[in-house]
Amino acid sequence: KSKMPKIGNLPDIYWRAIPMEHLRAHPSFCPLPHPSTIKHLTSLEDVRLFRQDSWQWDALHDGRCTTSQACAALGLLEQKAGHELGIPRSLRRGGTGAYHRLKGVALRTLEEMNEVLCDSQGGGGEIMKDQKQEEPFVWKRSRTNWNKIRHSNSNNKNTATTTPPVRQQKPFPFAAKYLPVILNKDLQHRKKDAQNHYFSSWSSAPMIARMQWGNAQEATAVLTALNYFWKVDSGIVVKEVGMCGAGLEMNITAGEKHDGSKEGLIIGASPDAIIQYPNGTLEALEVKNHCPFVPRDWGSRNKKNRKRHDNEQDKVSVDDTRDNKKVFRIRELPIRPTVPPMYVPQLMMEMLCLGPSCRSVIMVRQTATIGAVILRLHRDDEWMEEMLYWLRRFMTNFVHEGTPPPANFFWDNDDDSIHGGGERYRRFVTRTKEIGEAVELVDYVSHSGVQRVMSEGKRPVSLFLD
């Protein structure tokens with residue numbers, strides 16, 4: 001068995017990743033239509049039909065508080081609140097980005113959305129690269145009946161027998177077999193892209209690797225959830241979804257101001273997918289892929305510590321350590337079964353935007369080398385009301401006044417100041433942390449339980465391209 005290198009210069013951000021266009025062809029996945037086929041919207045909520053890789057989905061973000069800016073607008077990424085929540089310094093930032101987003105001109109009415117998003121000549125206008133007349137044939141449906149297997153295992157546990165057990169063929173572990181394989185030419189093409197584009201500047205390479213890994217591996221993590229819940233009930237369907245919540249009463253009311261006053265807060269959320277159970281129950285699905293690549297000297301403050309870090313913690317081979325030019329190393333850390341506080345607003349907003357019948361959200365936290373953990377966060381309507389209160393305060397105090405928020409807004413000010421948060425805000429911060437830690441653990445998924453692309457001949461595939 002060949003040993004995979006733990007250090008390198010060219011991370012393979014598409015490592016064994018199943019692309020979104022192939023996930024859309026999965027027999028248990030319900031894809032959205034191509035934007036070019038959407039010629040008219042009959043309700044505000046119809047904008048959820050636009051895929052998240054379409055220009056229409058991008059256009060819907062202007063002037064709208066979505067999950068990408070909610071945490072910053074709530075002040076949770078400021079230095080003091082971030083410290084209280086245990087958010088890493090590298091992920092803390094001010095609210096200026098959220099301020100500029102919410103100052104934009106939003107599409108608020110059905111008439112505006114039809115005019116801008118639906119092209120009468122082509123429906124969605126721009127044609128995306130993955131548009132095809134027919135779905136690609138990349139899956140072969142599994143014949144394994146996991147409901148029968150579970151029933152049989154239950155009977156065997158309750159039935160004594162003297163008959164020697166019959167060795168049965170190991171059941172196929174996934175809902176469908178993925179047919180494409182990784183070819184050497186694919187790896188060479190990705191290597192050239194990495195050299196010429198992604199990692200041409202080493203100063204920005206770590207952040208590029210982190211962001212690109214999450215995007216490239218998203219469909220693979222959605223598939224992990226699909227496969228897991230398909231084993232629980234083969235009748236489940238995972239549905240693609242765009243931006244939800246445009247039809248919420250609070251959004252409609254916010255867009256009906258014709259007296260010259262400032263328009264109110266409008267929100268939106270785009271779960272990575274929706275899980276629909278046979279009984280009609282819906283759960284939002286959000287996936288987070290933890291990037292395995294970190295700078296080789298990450299966490300080390302001097303050469304002595306860096307050498308000890310490489311030799312002891314990473315267990316890099318002697319041959320590898322001879323090459324001091326290697327920039328990245330593989331970080332293999334177990335995932336705690338908690339929701340980091342910075343993701344709580346995102347998950348709550350997804351449930352809010354899917355409507356009152358959505359009572360929980362599934363979060364998959366997936367790694368490259370040690371599997372995944374599946375979590376369930378339950379709806380907290382009281383916390384949601386507080387979230388909306390502080391988001392409206394952000395609109396009123398900063399966006400409507402045309403004044404960017406100062407550092408540590410809400411946290412630094414008392415109740416009597418114009419931007420005051422006081423004890424009410426601190427209780428909100430504390431409750432946010434408690435919610436993330438009280439999440440329900442659904443299950444752990446082993447590394448072999450994550451379905452990925454296999455290489456030709458099933459040879460090991462390195463995480464590095466060099």
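I started with Asp12, which pairs with Arg190 in a salt bridge, the closest N and O atoms sitting 2.8 Å apart. This is a predicted model, so I read every value here as computed from it. The two partners come from distant parts of the chain: Asp12 is in the loop between β1 (7-8) and α1 (20-23), while Arg190 belongs to helix α8 (residues 184-198), 178 residues apart.

Is Asp12 buried or exposed? I found it buried, at a relative accessible area of 1%. Arg190 counts as buried too, at 17% relative accessibility, because the cut-off for buried is under 20%.

Next I looked up Arg359. Its salt bridge is with Asp381, and the closest N and O atoms are 3.1 Å apart. Again distant parts of the chain are linked: Arg359 is in the loop between α14 (344-354) and β13 (360-366), and Asp381 is in helix α15 (residues 381-399), 22 residues apart. I noted Arg359 as partly exposed, with 40% relative accessible area. Asp381 is partly exposed as well, at 34%.

Then I went to the strands. Which residue does Arg376 meet in a salt bridge? I got Glu440, at 3.3 Å from N to O. Arg376 is in strand β14 (residues 372-378) and Glu440 in strand β15 (residues 440-445), so this pair ties together parts 64 residues apart in sequence. Arg376 is buried at 15% relative accessible area, whereas Glu440 is partly exposed at 32%.

Last, I checked for linked groups. Arg24, Asp53 and Glu240 turned up in a network of salt bridges. My tally for the model is 13 salt bridges.

Note on methods: Residues numbered from 1 in each chain as written. Predicted model: local features only at pLDDT ≥ 70, side-chain atom pairs only at ≥ 80, totals over all residues. Heavy atoms only, no water. Salt bridge = Lys/Arg side-chain N within 4 Å of Asp/Glu carboxyl O. Helix = DSSP H or I, 4+ residues; strand = E, 2+ residues; numbered from the N terminus. Buried < 20%, exposed > 50% of the residue type's maximum accessible area, 1.4 Å probe, protein only.
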